[in-house]
Amino acid sequence: MAYLDRPIEYVKGVGPQRADLLKKELQIFTVADLLQHYPFRYVDRTRFTLIRDIPADTQYVQLRGRLITLGEVGGASGKRLSGILQDSSGMIELVWFKGFRWITRALSVGDEYIVFGKPSYFQNRLNLVHPEIEPASTPIAEKMQGFQPVYPSTEKLKAKGLDSKGIMRMMLKVLEDLPAYEIKENLPDEVRKQYRLIPRYEAIRYIHHPPGEKEANEAIRRLKFEELFLSQVSILQLKVGRRQHASGYIFQNISNVFNQFYHQHLKFELTAAQKRVLREIRQDVLSGKQMNRLLQGDVGSGKTIVALMSMLMAVDNGYQCCMMAPTEILAQQHYRNITSMLAGLPVKTELITSSVKGKARKFILQGLQTGEVHIAVGTHALIEEAVQFDNLGLVVIDEQHRFGVAQRAALWEKSEHPPHILVMTATPIPRTLAMTLYGDLDVSVIDELPPGRTPVITRHIYESRRLALFGFLRDQIRQGRQVYVVYPLIDESEKLDLKNLMEGYEAIIRQFPPPAYSVGVLHGRMKPEDKELEMQRFVKGETQIMVSTTVIEVGVDVPNATVMVIENAERFGLSQLHQLRGRVGRGASQSYCILVSGNKLSSEAKKRLQTMVETQDGFLIAETDMHMRGPGDIEGTRQSGIMNFRIADITKDAAMLTEARKAAQAILEIDPHLLLPRHAALKNFLASRQQKARKWSKIS
Ligand code: ADP
Ligand code: MG
């Protein structure tokens, strides 16, 4: 087995426990995965400072000296572990407030150490609090000097010694054992030369263990370019592949069901934007080419109806359609909406998710295969091989950013000709960027909300003002309105979050006691029937306050709900806050969104809340969101998911993206199928990567 494919538990010094954590926390399964865990910044440890010369306002310093004392000092209230480090120029105190036993055991008075930290003043004297400290004699210490990477890690990993330093040690070990020939070049020489990129092997070594700043930057540039270039080659190749397919289906007839629905079933007038988008889609499906359209529209702009009417165009022409949503709740909601809107029309709609099982599932699958079922609504269960269509003509994908290109491709393969594709997203991305990222998608925008909506008033308050908030809620309820109170539950298994929610629920019941008030609660741990029941009570207006987790992010439409209170608002991302706010402001009366936060806020959190207060423009919010999220923030990059890049950041590296796209185009123009020997390495690399992605899309 290649060293790169070796499972992480078999790397020397890792072992089963840490391996488990690496898998769970960072999705690192193999040596290759580990090498792709890139640092998010570097610290310069090429120089040593003399203690006497430590500048007063320095960031970090590296010292080399002898530890001459070590012991606990101070009384019960302010105990600390204190050591004195001495070099040829002077002395400085090293201070720890915890981990006394461990540190005392690890250090020996009289030995020489390399110490790194940020000096601070205490009672007019410089000291170093919780410095990094390494024996100066060990061979690893030699390597650890220099220009050093800082890696993202997590609390759980840190507890097992895998903080940034621990990860760095592991990385150095792996780089030592890794045979150079295993890291094959994947960029064609012509590209490397033109863009002056260092070889791949060098880049991987340098990003983790650079001799200096210059090499680190070269490595970053090379790996970013590689990532963007490969993504562009894949996207553009899909386009080539599709062009070669016979042309797209033509939906010639516009008659029966579409007209009946439009004239007799539709309860409102379509907005001008909705009509425009429907015209654009209509042109596509008449053109004889396969449609690939991205539909962007803010929360509540009415994308569903556009999707439905597009599906009716297909049905009128004897084709089947499917609509894929990212979550089960969302799929169910679409299913309910669509079946109720189509009631009385000769269109058969079915739901396919992982919880539709047994006979019912078999029956539906059969109906799809014979063509008896016209519309299938579902989750990614629709991609499974068992789901076969008679003649799939149109695929609608809702909330596109949660699906990858590979998953889209899997759906295309479900029919002889590629079906038309309509992708919908409420996370708008700038038009030019969309074209570059999806390469082959045309973009439609619904830039107008249905009439009769009043803008939502948004306020940010601190926890300490909760009593005033309760007064406001009481007032709204007196006017007959309903209220959502949302708690974060990032991971539905988090006990602490659940406790938080239940305490909040009880506090609200105390403020709003029965029988005058009725308060409901909704979270992911409840049984589906109970959830449904609670939701129904709220829809009917039987409960005035619904305390819940973000499950209502994609919940039912309740126009009478006019207040959205978001607790611990600082813990939510911008796009999620925007989605949540989209739950209110659906009726004609004035709605409110109250963001409640703790008193201590990071500057990022402040900016997020401020953005929410200042604007309701989804485009602006999405753009701010993208700019605020850096590649170093693991949680952020994972959530934004739109572009699963590991090192590149399309908001900051837009210029490089354009270059990479040009390079990809140039290659494919000469050699669309990458058949030339000089492109073989590139072709092989993409093929093996795609194989992995497919496997992944099946299990996820
Ligand atoms: P989203 O774009 O967020 O998916 P939906 O399609 O769920 O939005 O639409 C939000 C709400 O607006 C739904 O209740 C829908 O019935 C309603 N709606 C859509 N289009 C119109 C319209 N033209 N006039 C009035 N209401 C509309
Ligand atoms: Mg929607």
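Tutor: Start at proline 515, in the loop between helix H18 (495-511) and strand E19 (519-522). Helices here are DSSP runs of H or I with at least four residues, strands are runs of E with at least two, and both are numbered from the N terminus. The peptide bond joining proline 514 and proline 515 is cis, with omega at about 5°. Most peptide bonds are trans, and most residues other than glycine have a negative phi.

A note on the ground rules. Residues are numbered from 1 along each chain as its sequence is written, while chains are lettered from A and ligands numbered from 1 in the order in which they are written. The model is predicted, local features need pLDDT of at least 70, side-chain atom pairs count only at pLDDT 80 or more, and totals for chains, interfaces and linings use all residues, with side-chain values taken over heavy atoms, leaving out hydrogens and water.

Histidine 130 is not a glycine, yet its phi is positive, about 45°. Histidine 130 sits in the loop between E7 and E8. Its relative accessible area is 35%, so it counts as partly exposed. Buried means under 20% relative accessible area, exposed means over 50%, and partly exposed is in between (1.4 Å probe, protein chains only). Asparagine 568 also has a positive phi, near 50°. Its loop runs between strand E21 (561-566) and H20. Asparagine 568 is buried, at 14% relative accessible area.

Another buried residue is lysine 224, with a relative accessible area of 18%. Lysine 224 belongs to helix H9 (residues 213-244). Beyond its neighbours within four places in sequence, lysine 224 is in contact (heavy atoms within 4.5 Å) with Ile647, Ala648, Asp653 and Met656.

Seven strands make an open sheet with mixed pairing, in the order E6-E7-E4-E3-E2-E5-E8. Its edge strands are E6 (119-122) and E8 (132-135), each pairing on one side only. Neighbouring strands in this sheet are turned by 45° against each other on average, direction ignored. Strands pair if DSSP finds at least two bridges between them. E6 and E7 (residues 125-129) run antiparallel, joined by four bridges. One pairing to check: serine 120 has asparagine 127 of E7 as its bridge partner.

A further open sheet of seven strands is parallel, in the order E12-E13-E11-E14-E15-E10-E16. Its edges are E12 (349-352) and E16 (442-446). The twist averages 20° from one strand to the next. E11 (residues 320-324) and E14 (residues 392-398) share five bridges in the parallel sense. Glutamine 320 stands opposite leucine 392 of E14.

Helices pack on this sheet. Helix H11 (residues 272-286) touches E10 (292-297), E15 (420-425) and E16, and its direction makes about 160° with that of E16. Helix H13 (residues 328-341) lies across E11, E12, E13 (375-378) and E14, at about 170° to E12. The axes are lines fitted to C-alpha atoms, for helices over the stretch in contact, and the angles run from 0 to 180 degrees between N-to-C directions.

Now ligand 1. It is surrounded by 16 residues (a heavy atom within 4 Å), and the closest are Glu269, Gly300, Lys303, Thr304 and Asp557. A ligand nitrogen is 2.9 Å from a polar backbone atom of glutamate 269. A ligand oxygen is 2.6 Å from a polar backbone atom of glycine 300. For serine 301, a polar backbone atom is 3.4 Å from an oxygen of the ligand. On its own, ligand 1 has 570 Å² of accessible area (Shrake-Rupley, 1.4 Å probe), and the protein covers 77% of that.

Finally, the whole chain. It has 25 helices and 22 strands. Of its 700 residues, 52% count as buried. Its accessible surface comes to about 33400 Å², of which 52% belongs to carbon and sulfur atoms. Among contacts with a separation of 6 or more, 73% are between residues 24 or more positions apart.

How values were computed: Polar contact = N/O pair within 3.5 Å; in protein donor to acceptor, adjacent residues only side chain to side chain.
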